[in-house]
Amino acid sequence: MKVAIFFGSQSDKDKMKGAATCLKEFGIDFEAYVLSAHRVPEKLEEVLVDVQERGAEVIIAGAGLAAHLPGVIASKVLLPVVGVPLNGAIGGLDALYSIVQMPKSIPVATVGIDNSYNAGMLAVQILSIKYPELKEKLVKFRKEMKEKFIADNERKVEF
């Protein structure tokens, strides 16, 4: 396992599915957990120790409302943490602000609201620094993405 995905409630599973989809597309091993920083902090700590011991290199954490999960995780690990603000109230802005405004020295990389696919993509990019075969897949992905965009949009647009 190279990536661990965390989110605080079963109701967040659909929103976090994009991260899993992205990681699967690149053949990256991951595990996902429903754990709350508020409801089961001791269990969260236990699992964080376990995933690190078993080789996790990046953590993705989705959270809405108070959105403490990514920050709490970042305070307990030295791994890169990618936070996914989830839309739970006021359009997800509360979660976005909670995740992006971490205190100095405890960073959480943050993607757009409900954009767990980009969290997966950021994990791919982080891991591609260490794994040349993954970097090759990423280069191929970007090339194919550009070719598809050009093919889909090479004609002028009619209104």
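Modeller: A helix here is a DSSP run of H or I with at least four residues, a strand is a run of E with at least two, and both are numbered from the N terminus. The model is predicted.

Colleague: Where is the place of Ala67?
Modeller: Phi of Ala67 is near 55°, a positive value in a residue other than glycine. Ala67 sits in the loop between strand 3 and helix 3.

Colleague: Is Ala67 buried or exposed?
Modeller: Buried means under 20% relative accessible area. Ala67 has 5% relative accessibility, so Ala67 counts as buried.

Colleague: In which order do the strands form the open sheet?
Modeller: Strand 1 is joined to strand 2 (residues 30–34) by 5 bridges. Strand 1 is also joined to strand 3 (residues 58–64) by 5 bridges, and 2 bridges link strand 4 to strand 5. The pairing in this sheet of 5 strands is parallel, and the order is 2-1-3-4-5.

Colleague: Which are the edge strands?
Modeller: The open sheet has the order 2-1-3-4-5. An edge strand pairs on one side only, and the two that do so are strand 2 and strand 5 (109–110).

Colleague: Which residue in strand 3 is the bridge partner of Val3?
Modeller: Strand 1 and strand 3 run parallel. Toward strand 2, Ala4 stands opposite Glu31. In strand 3, Val3 has as its bridge partner Val58.

Colleague: What is the handedness of the β-α-β crossover from strand 1 to strand 2?
Modeller: Strand 1 and strand 2 run parallel. Between them the chain passes through helix 1 (residues 13–25), and the crossover is right-handed.

Colleague: How many residues of strand 1 are buried?
Modeller: Val3, Ile5 and Phe7 point one way from strand 1, while Ala4 and Phe6 point the other way. Residues on both sides are buried. For strand 1 (residues 3–7) the count is 5 of 5.

Colleague: How many residues has the largest nonpolar core?
Modeller: Among the residues with the most contacts inside this core are Val3, Ile5 and Ile60. Strand 1, helix 1, strand 3, strand 4 (81–86), helix 5 (116–128) and helix 6 (132–153) each supply at least two of its residues. Ile60 touches, among others, Leu23, Val84 and Ala123. The number of residues in the largest core is 24.

Colleague: At about what angle does helix 5 run to strand 3?
Modeller: Helix 3 (residues 69–76) packs on the sheet and touches strand 1, strand 3 and strand 4, its direction making about 150° with that of strand 3. Helix 5 lies across strand 1, strand 3, strand 4 and strand 5, and its angle to strand 3 is about 160°.

Colleague: Why is Ile90 classed as exposed, and what is its relative accessible area?
Modeller: Ile90 is in the loop between strand 4 and helix 4 (93–100). The C-alpha atoms of Ile90 and Tyr33 are separated by 26 Å. Exposed means over 50% relative accessible area. Ile90 counts as exposed because its relative accessible area is 64%.

Colleague: What is the relative accessible area of Asp114?
Modeller: Asp114 is in the loop between strand 5 and helix 5. Its phi is near 60°, a positive value in a residue other than glycine. Asp114 is partly exposed because its relative accessible area is 31%.

Notes
Residues numbered from 1 in each chain as written. Predicted model: local features only at pLDDT ≥ 70, side-chain atom pairs only at ≥ 80, totals over all residues. Heavy atoms only, no water. Buried < 20%, exposed > 50% of the residue type's maximum accessible area, 1.4 Å probe, protein only. Pairing = 2+ DSSP bridges. Right-handed = clockwise from strand over helix to strand, strands pointing away. Core = buried A, V, L, I, M, F, W, Y, C linked by side-chain atoms within 4.5 Å. Contact = heavy atoms within 4.5 Å. Axes fitted to C-alpha atoms, helices over the stretch in contact; angles between N-to-C directions. Lists of a residue's contacts leave out its neighbours within four places in sequence.
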